[in-house]
Amino acid sequence: MVTFEVNGVDVKVNDAQSTMPLLWYLREEMHLKGTKFGCGIGQCGACTVHINNTAVRSCSVTLAALQGQSVKTIEGLASGDTLHPVQQAWLDIDVPQCGYCQAGQIMAAAALLKENHQPSDADIDNAMTNICRCATYVRIRQAIKHAAELL
């Protein structure tokens, strides 16, 4: 039995499920569809979630690795009806184009700002390794800086 937490909810999975990637468990078992499937090999970042406040590619983490861990998805980022500053900044700057990668981008940005409240351009470039096929990188950088002001 593997036990962990997702967005504040205790989860228990049996050993037969322990090799399942976290992404599939979130989408298919918990019906949390905000975390997207992109490349499936941990490269694009569309599936980014937080594990113990660190940005992680959920397609590359099995449930067995989550014993005692805390997972947060895009659905758990806001505090009630109050958006997380990164979510608010994304709206204020109008970042998304197609939007597919944006949940992963927002999760990566939130993890960055948790560690660094005033990131430089280089800090942002180093932390934001997620791929956006619409190339909204300029607006993503603007939104991260705006979110830093909202913290």
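This briefing walks through helix packing, nonpolar cores and a few individual residues in the structure above. The model is predicted, so local features need pLDDT of at least 70 and side-chain atom pairs count only at pLDDT 80 or more, while totals for chains, interfaces and linings use all residues. Residues are numbered from 1 along each chain as its sequence is written, and side-chain values use heavy atoms, with hydrogens and water left out.

**Two helices that pack together**

- Helices here are DSSP runs of H or I with at least four residues, strands are runs of E with at least two, and both are numbered from the N terminus.
- Helix α3 (residues 102-115) packs against helix α5 (residues 137-150) at an angle of about 40 degrees, and their axes are 11 Å apart.
- That makes α3 oblique to α5; angles under 35 degrees would be roughly parallel, over 145 roughly antiparallel, and 65 to 115 roughly perpendicular, with the rest oblique.
- On the α3 side, Gln-105, Ala-109, Leu-112 and Leu-113 meet Ile-140, Ile-144, Ala-147 and Ala-148 of α5, where contact means heavy atoms within 4.5 Å.
- By class, this contact between α3 and α5 has 7 nonpolar residues, 1 polar and no charged ones.

**Nonpolar cores**

- A nonpolar core is a set of buried Ala, Val, Leu, Ile, Met, Phe, Trp, Tyr and Cys residues joined through side-chain atoms within 4.5 Å.
- Buried means under 20% relative accessible area, exposed means over 50%, and partly exposed lies in between, using a 1.4 Å probe and protein chains only.
- The largest core has 21 residues, and Val-86, Trp-90, Met-128 and Ile-144 have the most contacts inside it.
- Helices α2 (85-93), α3 and α5 each supply at least two residues of this core, and α3 gives the most, with 8 residues.
- A second, separate core has 15 residues, including Val-2, Val-13, Ile-51 and Leu-66.
- Not counting residues up to four places away in sequence, Ile-144 touches Trp-90, Ala-109, Leu-112, Leu-113, Pro-119, Ile-124 and Met-128.

**Helix α1 and its neighbours**

- In α1 (residues 22-29), the buried residues include Leu-22, Tyr-25 and Arg-27.
- The buried residues of α1 pack against β1 (2-6), β2 (9-13), β3 (48-51) and β5.
- After α1 comes His-31, whose phi is positive, near 60 degrees.

**A closer look at Ala-64**

- Ala-64 is found in the loop between β4 (54-57) and β5 (70-72).
- Ala-64 counts as partly exposed because its relative accessibility is 41%.
- Leaving out residues up to four places away in sequence, Ala-64 touches Val-2 and Ser-18.

Terms used. Axes are lines fitted to C-alpha atoms, for helices over the stretch in contact, and angles run from 0 to 180 degrees between N-to-C directions. Ala, Val, Leu, Ile, Met, Phe, Trp, Tyr, Cys and Pro count as nonpolar, Asp, Glu, Lys and Arg as charged, and the others, Gly among them, as polar.
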